Amino acid sequence: MRSALPTFNEVWQQQFRSSFLKQSSQFSDQTTFLIGCSGGMDSMLLLFLLSEIYPDRIRAMYVNHQLQRVSSDWAEFIQSYCHQKNISIVIQDVEVLQGNVENQAREARYDAFKRHIQKNEILLLAHHQQDQAETLMLRLLSGAGVQGLSAMKVVDEREDFCIWRPLLDLSREQICQWVDQLQLPYVEDPTNLDTYYDRAWCRHELWHILQSRFPKMQQSISRTAYLMQDADEVLSEILQQDLLLCGDANQIDLVQLSQLSQARQRQVLSSWMRGESTYRPAFNMVQRLQDEVIHAKADAKAALHWNQHYYVRYQKTLYRLTKAVYSAEQTLDATERSIGLRLHQQLELPSGVFEIQRDTLGLSIDLLEQEFTLTHRRGGEKIHLYGRVGAWPLKKAIQDAQIFPWLRHTIQILSIDNVMLGVFTPHGFWLAQTDYCTVGGWQPKLISSL
């Protein structure tokens with residue numbers, strides 16, 4: 001026969017309160033707490049406990065996903081309870097994007113938390129032990145690695161805010177008993193019973209089968225999450241060293257990357273592709289990056305699109321480009337135009353911002369009284385660079401300067417009366433050898449890149 005769970009008063013006096021205070025001791029006395037409250041029994045218990053311990057340092061927040069007719073009623077319920085307890089409450093409506101409803105709702109919820117959380121404020125969530133075990137199980141079934149199987153942390157330090165989950169080691173059965181003993185009001189979300197959703201299916205279809213065979217399954221899976229968190233921390237230290245060795249947020253040195261084992265290469269690429277996103281790319285996406293871009297033929301113009309970025313290789317380096325940079329050539333206005341120039345004038349061009357400055361050697365000052373033509377390269381042009389012997393194909397000059405292929409469309413030719421005076425490039429202005437060159441002239445100087 002299963003032993004009865006200890007009552008709330010027993011655990012509260014003997015263990016839970018001291019554990020609660022010990023966890024919170026890592027935060028300063030000025031820290032306040034924003035409690036994410038859905039109205040369910042878990043979050044209502046958390047709200048009650050914090051109101052008992054820190055009555056002057058808490059406020060609640062309800063995120064209305066607007067996915068159910070009764071969601072506004074829940075908002076009113078939580079608001080009424082908070083008013084009775086003299087707790088400040090924030091109600092935030094959000095729009096859930098199309099796609100996986102569970103994932104999109106979670107993204108919308110965390111975006112709302114980020115908008116409202118204040119300086120020196122910690123976000124508290126009421127995840128419990130069964131939530132932890134379900135998260136690990138679902139991630140295992142989706143093919144997650146060590147980081148994914150780490151599931152949720154009790155204290156999760158994120159870039160934008162910190163999350164504290166003080167109920168994470170508490171069983172759902174214990175929460176249900178305590179809520180009943182304390183006679184706390186709460187709402188029932190019908191989607192928690194809808195097995196169309198993965199988490200509800202896991203809870204109602206899978207869980208009892210596993211627990212009938214492995215009675216302590218929930219505690220064991222939760223313990224595995226903690227072990228995975230330790231492993232992930234160790235791997236993260238190694239990963240950070242590898243990332244520093246191989247490049248930065250925008251590029252990876254493929255020569256340095258090749259010195260690592262295949263496993264460490266995959267970890268570097270996976271973390272690098274994730275960037276500031278919440279989740280890493282799927283395993284097959286990392287494999288595609290290796291097969292289709294890194295190991296593509298040297299002359300191939302290979303690119304991989306993932307999560308609003310393009311991944312391309314140039315020589316021995318892998319680059320991450322925004323869609324705007326990668327697709328800029330398609331939207332560029334290549335119309336020839338006439339311009340006038342004067343000293344100290346600044347030109348904002350596709351290749352950068354240039355300023356007309358005096359120079360020891362440059363174009364004749366008299367030219368500034370005339371009209372120039374600015375055109376984009378069309379192919380086949382030749383340029384006689386000042387100080388060089390003979391004319392070169394402009395294409396070869398660009399290749400020798402190692403201007404990235406995705407920036408070459410920004411190059412523009414400055415001419416007058418069909419005479420090429422020079423070329424605006426992302427590396428600066430290339431002066432052409434002409435009769436207009438003189439000592440004490442002027443040149444456009446690159447002052448910033450776009």
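**Sheet and helices**

Mentor: In this predicted model, helix α3 (residues 71–85) lies across β2 and β3 and runs at about 170° to β2.

Trainee: Which strands does helix α4 touch, and what angle does its direction make with that of β2?

Mentor: Helix α4 (residues 101–116) packs on the sheet, where the strands it touches are β1, β2, β3, β4 (121–124) and β6 (162–164).

Trainee: In what order do the six strands of the open sheet stand, and which of them are at the edges?

Mentor: The six strands form an open sheet with mixed pairing, in the order β3-β2-β1-β4-β6-β5. Two of the strands have a single partner strand each, so one side of each is left without a neighbour in the sheet. The strands at the edges are therefore β3 (88–93) and β5 (155–157).

Trainee: In which sense do β1 and β2 pair, and which residue of β2 is the bridge partner of Gly-36?

Mentor: Strand β1 (residues 32–36) and strand β2 (residues 58–64) are joined over four bridges, and they pair in the parallel sense. For Gly-36, the bridge partner in β2 is Met-61.

Trainee: Are α2 and α7 roughly parallel, roughly perpendicular or oblique to each other?

Mentor: Helix α2 (residues 41–53) and helix α7 (residues 172–182) pack with their axes 10 Å apart, at an angle of about 60°. Roughly perpendicular would call for 65 to 115 degrees and roughly parallel for under 35. The two helices, α2 and α7, are therefore oblique.

Trainee: Which residues of α2 meet α7, and how many residues of each class does the contact have?

Mentor: From α2 come Met-41, Asp-42, Leu-45 and Phe-48, which meet Arg-172, Ile-175, Cys-176, Trp-178, Val-179 and Leu-182 in α7. By class, the contact of α2 with α7 has two charged residues, no polar ones and eight nonpolar ones.

Trainee: How do α9 and α11 lie to each other, and which residues make the contact?

Mentor: Helix α9 (residues 217–246) and helix α11 (residues 262–274) pack at about 80°, with axes 10 Å apart, and are therefore roughly perpendicular to each other. The contact is made by Ile-238, Leu-239, Asp-242 and Leu-243 of α9, together with Arg-264, Gln-267, Val-268, Ser-271 and Trp-272 of α11.

Definitions and conventions. Residues are numbered from 1 along each chain as its sequence is written. This is a predicted model: local features need pLDDT of at least 70, side-chain atom pairs count only at pLDDT 80 or more; totals for chains, interfaces and linings use all residues. Side-chain values use heavy atoms; hydrogens and water are left out. Axes are lines fitted to C-alpha atoms, for helices over the stretch in contact, and angles run from 0 to 180 degrees between N-to-C directions. Angles under 35 degrees count as roughly parallel, over 145 as roughly antiparallel, 65 to 115 as roughly perpendicular and the rest as oblique. Contact means heavy atoms within 4.5 Å. Ala, Val, Leu, Ile, Met, Phe, Trp, Tyr, Cys and Pro count as nonpolar, Asp, Glu, Lys and Arg as charged, and the others, Gly among them, as polar. Two strands pair if DSSP finds at least two bridges between them.
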